[in-house]
Amino acid sequence: MQICKIDMRQLDKALELVWKVFEECDAEDYEQIGVQTFQHFIRWENMKEMLSRGEMVFFGAFEGSRLIGVIAMRSGFHISLLFVERQYQRMGVATRLVRRGAAYCLERNPELRQITVNSSPKGRKAYEAMGFHKLAPEQIRDGMRYTPMRIDV
């Protein structure tokens, strides 16, 4: 498996994977408004704009030429998206993506001390297994359920 930076040419494929995994694994935990909020957030135009401004960076996990996982780091310290195809979950793909995302952030800011994430209900155990700690109880905003978490780097 290789972890590579995703550029504008690969953004479509990355967002397709994100939506597919969200629908398969996470959508059932959200009311319709939450699903719509997520769908709006990952629109290509929104992600393209953030990627162009350098506000967001994407990395993909590839098995050969097949994209199997995606992480998006925002503002140099926050995981905005972390999705791995169902058949590759629990195989260390997410952990490797988080490590790569954190390494990128540390390269850009050696003073960085923490990486944060707003974990989905199903993602929380995976983040805890990677060493993230809950910062507050589960919250809901715009129909999206999440638990604020962080890890020291």
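## What covers helix H4

Among the elements covering the buried residues of helix H4 are strands E1, E2 and E3, together with strand E4 (78-84) and strand E5 (114-119). The model described here is predicted.

H4 spans residues 93-108, 16 residues in total. From its first C-alpha to its last it reaches 23 Å, close to the 22 Å expected at 1.5 Å a residue.

Val93, Leu97, Val98, Gly101, Ala102, Tyr104 and Cys105 are the buried residues of H4. They lie on the same side of the helix because the arc they cover around the axis is only 165 degrees. An α-helix has 3.6 residues a turn, so residues three or four places apart point the same way.

The other side of H4 carries Arg99 and Glu107, which are exposed.

## Strand E2 and its partners

Strand E2 covers residues 56-63 and is mostly covered itself, with 7 of its 8 residues buried. E2 pairs with strand E1 (residues 2-6) in the antiparallel sense, over 5 bridges. In this pairing, Ala61 of E2 stands opposite Ile3.

E2 also runs antiparallel to strand E3 (residues 66-74), to which 8 bridges join it. Here Val57 has Met73 in E3 as its bridge partner.

## The turn between E2 and E3

E2 and E3 form a hairpin, with 2 residues between the strands. Gly64 lies in the turn and has a positive phi of about 65 degrees.

Conventions: Residues numbered from 1 in each chain as written. Predicted model: local features only at pLDDT ≥ 70, side-chain atom pairs only at ≥ 80, totals over all residues. Heavy atoms only, no water. Buried < 20%, exposed > 50% of the residue type's maximum accessible area, 1.4 Å probe, protein only. Helix = DSSP H or I, 4+ residues; strand = E, 2+ residues; numbered from the N terminus. Pairing = 2+ DSSP bridges. Expected span 1.5 Å × (residues − 1). Arc of directions from axis to C-beta. Contact = heavy atoms within 4.5 Å.
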